[in-house]
Amino acid sequence: MMPRLGAAEARRIFLAAQGLARRRPTGRVGERQFREYLDRQGLLQLDTVNVLARAHYLPIFSRYGAYDTAELDRYLWGDPDGHSAHCFEHWGHEASVMPLDLLPALHSRMAGQTPQRVRFRESIEREAPGLIEQVRRAVLDAPGALPASRLEHLAPASGGTGWWDHGAVKWALEYLFHSGGLAATRGRHFARLYDDPVRAWGREASDGALAPDQAGQALFDRSLPASGIGTPKDFVDHFRLPINQSARLADSAVERGLATWVEVEGWGEPALLAAGATDPGRATGAALLNPFDPVCRYRERLLRMFGMHYRIEIYTPEAKREYGYYTLPFLLGDQVVGRLDLKADRKAKALLVQAAWREAAPVAGARRRSDDDVAAALADELRLAAGWLRLGEVIVVPRGTFAGALADALMA
């Protein structure tokens, strides 16, 4: 018979693994914390939306507090026009930065010739025969990383309005990046640069490469301590592994002592408890979580664990948005108690709360926190975020079920 855990116990185990169960540690945040986060999670997901702060900046802030984002950039990508000694960028969970020790597990993903990738290469070759190799050679022969703009002379854009309007060179570079023929880094203003893999990573992508089955298992195994507890589907989503492999990967992890099967109250399916994962007994942290935080990005788990129906509404027409353009869930203790539509108005030096919403009901195994407690904790979190982003004030727009209470708490 499987051990049975309560819903609240499972949440605490998960939050402890995520580094969110306790109040933030005090002291300076720097390279040690960046390494700690990446070693545990295995990746930082990237996104270009910068309405508040870029997606990869926020998980570090949520767990450790204010820090210098330029220092994180140097850790992830090295100096401008350089490369990192710690990390590489590729497709982990969407576009991500990962520790270099994961390269052998990612090689099969780079080298795999999926039907989509084959069609992509064939379309480039039809448009500009020989361009892929010409572009690769130009990057390898350059003294350092290059933006696409430095290579556009190899196949100027047609100026049309179709798929090729971006230019065949850019598509060739992206094909080479996805297939491991070139490495990618980031330059000023988050622009992608392309480089020789040996120069960027200190090795060929194929050095020590794992076979596809071994690679999938290695990534699944790496996801176990990152979350502590979850269903097999939760764990395969961490590195976007095929869902149809979840049972096999989970059984292997259990057979090798990396996890045990458990039942969790209300989940309705068996779960894995990672070896070494612990229940802290009480969750005392508070944090705003961006949509690409590992707590939030697998919506099925967010609903099962925290009772939150969530979708990002960036691509929803404004008139049809329910909560706002860029809403961030607010975690307090072991509950997600609200969500806020936030924007950094850098010109006015203000953090705008464009809408504030309270979650309607407590999650299973928890009692409802009072509005006063939630508003006070959220006001503290917003002041901390505004200071980190070098914004002078927090302004609450009167929209949402919690805007009034939050505005009062900020004035108290």
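**Note on a predicted model: helix packing, helix faces and some backbone angles**

1. Arg240 sits in the loop that joins helix 11 (232-238) to helix 12 (246-255). The model is a predicted one. Arg240 is not a glycine, yet its phi is positive, at about 55 degrees. With a relative accessible area of 40%, Arg240 counts as partly exposed, because that class lies between the 20% limit for buried and the 50% limit for exposed.

2. Glu94 also deserves a look. Its phi is near 60 degrees, a positive value in a residue other than glycine. Glu94 belongs to strand 4, which covers residues 94-99. The relative accessibility of Glu94 is 32%, so this residue is partly exposed.

3. Next comes helix 12. Which residues of helix 12 are buried? They are Ser246, Leu249, Ala250, Ser252 and Ala253. Viewed down the axis of helix 12, the buried residues fall within an arc of 160 degrees, and therefore they line one face of the helix. Just after helix 12 comes Gly257, with a positive phi of about 80 degrees.

4. Helix 6 can be checked for length. It has 13 residues (115-127), which at 1.5 Å a residue should span 18 Å; the C-alpha atoms at its ends are 18 Å apart, so the two values agree. In helix 6, the residues Arg117, Phe120, Ser123 and Ile124 are buried. Seen along the axis of helix 6, the buried residues fall within an arc of 125 degrees, so they line one face. Pro115, Arg119 and Arg126 are exposed on the other side of helix 6. Among the elements that cover the buried residues of helix 6 are helix 5 (103-111), helix 7 and helix 8.

5. Helix 7 and helix 8 also pack against each other. In general, two packed helices are described by the angle between their axes and the distance between the axes. For helix 7 (residues 131-141) and helix 8 (residues 168-178), the angle is about 75 degrees and the axes are 9 Å apart. This makes helix 7 roughly perpendicular to helix 8, because angles of 65 to 115 degrees are classed that way. From helix 7, Leu131, Ile132, Val135, Arg136 and Val139 take part; they meet Ala168, Val169, Ala172, Leu173, Tyr175 and Leu176 of helix 8. By class, the contact of helix 7 with helix 8 has ten nonpolar residues, no polar ones and one charged residue.

6. Helix 2 (residues 31-41) packs with helix 10 at an angle of about 120 degrees, and their axes are 7 Å apart. Helix 2 is thus oblique to helix 10. Leu38, Asp39, Arg40 and Gln41 of helix 2 make the contact with Arg222, Pro225 and Ala226 of helix 10. Sorted by class, the contact of helix 2 with helix 10 has three nonpolar, one polar and three charged residues.

7. Is Asp207 buried, exposed or partly exposed? Its relative accessible area is 39%, so Asp207 is partly exposed. Asp207 and Asn290 are 83 residues apart along the chain, and 35 Å separates their C-alpha atoms.

Note on methods:
Residues are numbered from 1 along each chain as its sequence is written. This is a predicted model: local features need pLDDT of at least 70, side-chain atom pairs count only at pLDDT 80 or more; totals for chains, interfaces and linings use all residues. Side-chain values use heavy atoms; hydrogens and water are left out. Helices (H or I, at least four residues) and strands (E, at least two) are DSSP runs, numbered from the N terminus. Buried means under 20% relative accessible area, exposed over 50%, partly exposed in between (1.4 Å probe, protein chains only). Axes are lines fitted to C-alpha atoms, for helices over the stretch in contact, and angles run from 0 to 180 degrees between N-to-C directions. Angles under 35 degrees count as roughly parallel, over 145 as roughly antiparallel, 65 to 115 as roughly perpendicular and the rest as oblique. Contact means heavy atoms within 4.5 Å. Ala, Val, Leu, Ile, Met, Phe, Trp, Tyr, Cys and Pro count as nonpolar, Asp, Glu, Lys and Arg as charged, and the others, Gly among them, as polar. The expected span of a helix is 1.5 Å times one less than its number of residues. The arc is that of the directions from the helix axis to the C-beta atoms.
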